[in-house]
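Dear colleague,

I am handing over the structure we spoke about, and I would be glad if you could look through it alongside the notes below.

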Amino acid sequence: MLPYKRADARAWARDNLTGCSAVTIPSYSADLKRLNERGIRHDVALAKELGFKHTLLCAEVAISPEENAQFTAWAAETAGPDFGLFFHAAFNTLAENIQAVKLAEAAGATMVLLSYPAQFWPTTEQEVFDYTKEMCDATKLGVMLFPLPAWGFERIHPAGMSVALVRRLLDACPNIVAIKSEQGFPLPAGICEMYHHFRDEVVISCPIEGDAIPLMSLMKMQFSGTSNTQWMGDYYPRAFELARTGKWEEAMELYWKVNPARGANGAATQAYIGGTSVLNRTMWKYQDWLAGFNGGPLRAPAMRIPDRFLKLLRQGLVASGLPVTSDPDSAFMVGRHPC
C-alpha cells in the first residue's frame, strides 16, 4: 500500500525522501525472452544491503509495461515497505507511460522519475508544461521532475527548464515532490538555481555524487538520486549520510579515496556521451557486476562496451580500494544468476 495520499505527497517526501537512490537495471534470461527473477531480486537486495534507501527501476532497456510491472513487484517483495522504488517514466509515448505507471502503482512503486520520449519534440514551454501535467495528473504517485540537457529543451530556453516553467509546474502539479536538478550539466548551475528558488517547497536532488558531497558544505541536502553510484559499493550512502549529519570533513576523506573510480567513470562516459546524449546502460550493468551485482545480457539496441573501458573501470575500483570482483570479464554476459 502506498504510504501517503496524493494530496500529502510533498509533506511525505520532506520526511521520507532521504539518503541515496541506486539504479537497478533489470536482468534477463540468456535468450532475452523473459526477465531473470533471481538476478533482479539479487540486485535489489544488494542495493539495500549497501545502504541505499531507494532505487530507480530502469526502463530504458527494451522492457514492456507489463514486464516492468513484474520487475516492480519482485523488487517490492524483495526490498520490503521501508525501501523506495522509482518508476522510470521512460517509455515510448505519453500514453504508454501512463499505462506503465498505472501498472507500476499496483505492483508497488512509490515514486515516479519523469522522463521524456525521444519522439517528444516540443518547441514551446507550453508543450513541455502540458506533457508534464498530463503525466502527473495520471498518477497518484509523487513525481520527481527531471530537468536535463538530453531532452533538448534548450531549443526553447537556454536552461532547458526555466525557473518560470518549474514555478508553473509546481503550482499546477501538487504531486511534484522533488527536482532532480541537472540543468546546464555538467555545470552546477541547475542545482544551485533550483535550490535557491524551491528548496522550501520540494526536495532538491543533486544526483551527481562528485558534485553533491562538495556542495553539501554550502547546501542542506537530504536526498541524492537517481544515479549509478552503487557500483562504488557502500561508499556513497556512507559519505552522503556523514555530510548530511554535519560530518562533512569525514565525508570528504571518503570522497578523495574513491577519486580514481570517479575519474575512470568520467573518462569512460565522456568518451561516448557527447555525440549521443544516451547513457550506455551496458556500461552501467558492467560497473554493477564489478561490484557484485548480477550482470548479464541486455536486449537490443543495447550499446557495446569496449575492452579498454572494462579495464579502466575495474582499475578505478582497485585504485580506490573499493570492492571489485576477481571474476574474469568473460563472466559478465553470463551473469551471477543465469537463467
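Predicted model: local features only at pLDDT ≥ 70, side-chain atom pairs only at ≥ 80, totals over all residues.

I begin with the aromatic rings, for which the count comes to 16 pairs. One of them joins Tyr4 and Trp12, whose ring centres are 4.6 Å apart with 35° between the planes, so that the pair falls in the tilted class, which runs between the cut-offs for stacked (under 30 degrees) and edge-to-face (over 60). Both Tyr4 and Trp12 are buried. A further pair is formed by Tyr116 and Trp151, and here the centres lie 5.6 Å apart and the planes stand at 65°, which makes the arrangement edge-to-face. Because Tyr116 belongs to the loop between strand E4 (111-114) and helix H5 (125-137), while Trp151 belongs to the loop between strand E5 (142-145) and helix H6 (163-172), this pair ties together parts that are 35 residues apart in sequence. Tyr116 is buried, at a relative accessible area of 5%, and Trp151 also counts as buried, at 13%. These two residues belong to a cluster linked by ring pairs, which also takes in Phe120, Tyr131, Phe146 and Phe153.

Two arginines are placed over aromatic rings: Arg155 lies over the face of Trp121, 3.9 Å from the ring centre, and Arg168 has its charged end over the ring of Phe129, at 4.0 Å from the centre.

Turning to the helices, H10 (residues 248-257) packs against H11 (residues 259-270) at an angle of about 55°, with the axes 5 Å apart, and that angle makes H10 oblique to H11. The contact brings Tyr255, Trp256 and Lys257 of H10 against Asn259, Pro260 and Arg262 of H11, and its residues divide into 3 nonpolar, 1 polar and 2 charged.

Finally, there are some backbone details to inspect. The peptide bond from Gly225 to Thr226 is cis, with omega near 5°, and Thr226 sits in the loop between strand E8 (223-224) and helix H9 (235-244). Ala300 and Pro301 are likewise joined by a cis peptide bond, with omega about 10°, Pro301 being in the loop between helix H12 (281-290) and helix H13 (307-320). Leu32, although not a glycine, has a positive phi of about 65°, and it counts as partly exposed at 26% relative accessibility. Ala62, also not a glycine, has a positive phi of about 55°, and it is partly exposed at 39%.

How values were computed: Residues numbered from 1 in each chain as written. Heavy atoms only, no water. Axes fitted to C-alpha atoms, helices over the stretch in contact; angles between N-to-C directions. Helix = DSSP H or I, 4+ residues; strand = E, 2+ residues; numbered from the N terminus. Parallel < 35°, antiparallel > 145°, perpendicular 65-115°, else oblique. Contact = heavy atoms within 4.5 Å. Nonpolar A, V, L, I, M, F, W, Y, C, P; charged D, E, K, R; others polar. Phe/Tyr/Trp six-rings, centres within 6.5 Å; stacked < 30°, edge-to-face > 60°. Buried < 20%, exposed > 50% of the residue type's maximum accessible area, 1.4 Å probe, protein only. Lys NZ or Arg CZ within 6 Å of the ring centre and 35° of its normal.
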